[in-house]
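Please look over the sequence and the model below before reading on. The report is meant for someone meeting this structure for the first time.

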Amino acid sequence: MHQDTAAAAFLRRNMVLQLMLLMFSLSSFPSVTAECPDKCTCVKSNVRCAYQELDRIPDLISPDTTDLDLRFNKIRDIEPKSLTHLTELKILDFINNIISDLKNGAFANLSKLQILYLDRNTIKSIETGVFNNLTTLEELWLGSNSIHTLDSEMFKGLTKLNTLYLSDNMIRNIPPGIFDSLTSLSILRLDKNPLTCDCDMLWFVNVLKKIRDDNWFHDRNWDATCHFPIKISGKSLVEITENDFQCASPDVIEVPENKTVSVGEQLQLSCKAVGNPAPSITWAKDDIDLELGQRVQVFQNNTLIISKVERTDGGQYKCVASNSLGQKSFEAMVKVNGLAENGSNTMFGVIPFFIIIIIFANCVLYNDIL
């Protein structure tokens, strides 16, 4: 009996010892998040899901994740708000997937994101504003895609961005002002794009030259060459000059004329300009840009039409033609007369009408007295 009790005690102590050894061995492994997506490996705040042939962003990604690796999968879309809970994310990697477009909201709420890898996808279109909330972003990789056009607002607000890769795409033109807000930019790759070096590109050429003259320019960091026209194909953008093109500042060939219109009528002012690059035309009234709407419209031929003219529409109108080489403006004075044609609706028609009424009333009263 005593031996059985001793044996049982020994067995219990042995089990406790084994349990303690098991707990110790488990504690020596790297900590794993409580939730980890299927086919992924989660170590601390890093989630690794590369090379898993995933066709969508996995569920159950911890909100504490700081590094999300989704490289070499088959993800087609980044659905808007699908990543909004990852507020601590600093690195997001989508290299080598089959993403074709980027929609607004795809990166919503990622206010701490510093590096975004999107190279080697099939991206063709990028909605305006898709990156605008990424105020802490330092590196943006968009190389080796099928991007054809860049929007002038695409990188607005990315003041901390220092690295931007746009190489190996289908970009032909660089819209004016697209890099204005990138005050920290030091590396821009535009190589392997079919850039058209014409007068529309001249503004960018001048920006590159200014950067070079400011002594922090590095050719390898701003690598961009002309693809068209053929005569300067392969030439670096910083090597071309205005003499390589036939550029011209705006010249207004049809100027707006002074006009007098009546309230309720339609006002039409014409303005046509030529230049290379083709100038854009804007309208102002009394040196304030016109607010367009249903009543005030500017048509494709740059004609200004104001329907149902009001008294306040009178004033000095200005047509401004602008391109990267300068601007030219012409003014026209518009005078608005009072309410037209139907005299009974004008001040000068209403007053006589009341005078007749008063005279008639006086006559009736005079006859009654007699």
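Predicted model: local features only at pLDDT ≥ 70, side-chain atom pairs only at ≥ 80, totals over all residues.

Residues are numbered from 1 along each chain as its sequence is written, and side-chain values use heavy atoms, with hydrogens and water left out.

Taking a disulfide as a pair of cysteine sulfur atoms within 2.5 Å, the count comes to five disulfides. With bonded cysteines counted along the chain, they follow the pattern 1-3, 2-4, 5-7, 6-8, 9-10. The table gives some of them.

| Pair | S to S distance | Torsion about the S-S bond |
|---|---|---|
| C40 and C49 | 2.0 Å | about 115° |
| C197 and C226 | 2.0 Å | about -95° |
| C199 and C247 | 2.1 Å | about -100° |

The disulfide of C199 and C247 is left-handed, and this pair links distant parts of the chain, with C199 in the loop between β10 and α2 and C247 in the loop between α2 and β11, 48 residues apart. Here helices (H or I, at least four residues) and strands (E, at least two) are DSSP runs, numbered from the N terminus.

I305 lies in strand β18, residues 304–306, and is buried at a relative accessible area of 17%. Leaving aside neighbours within four places in sequence, I305 is in contact (heavy atoms within 4.5 Å) with several residues, including L267, R295 and F299.

Technical notes
Buried < 20%, exposed > 50% of the residue type's maximum accessible area, 1.4 Å probe, protein only.
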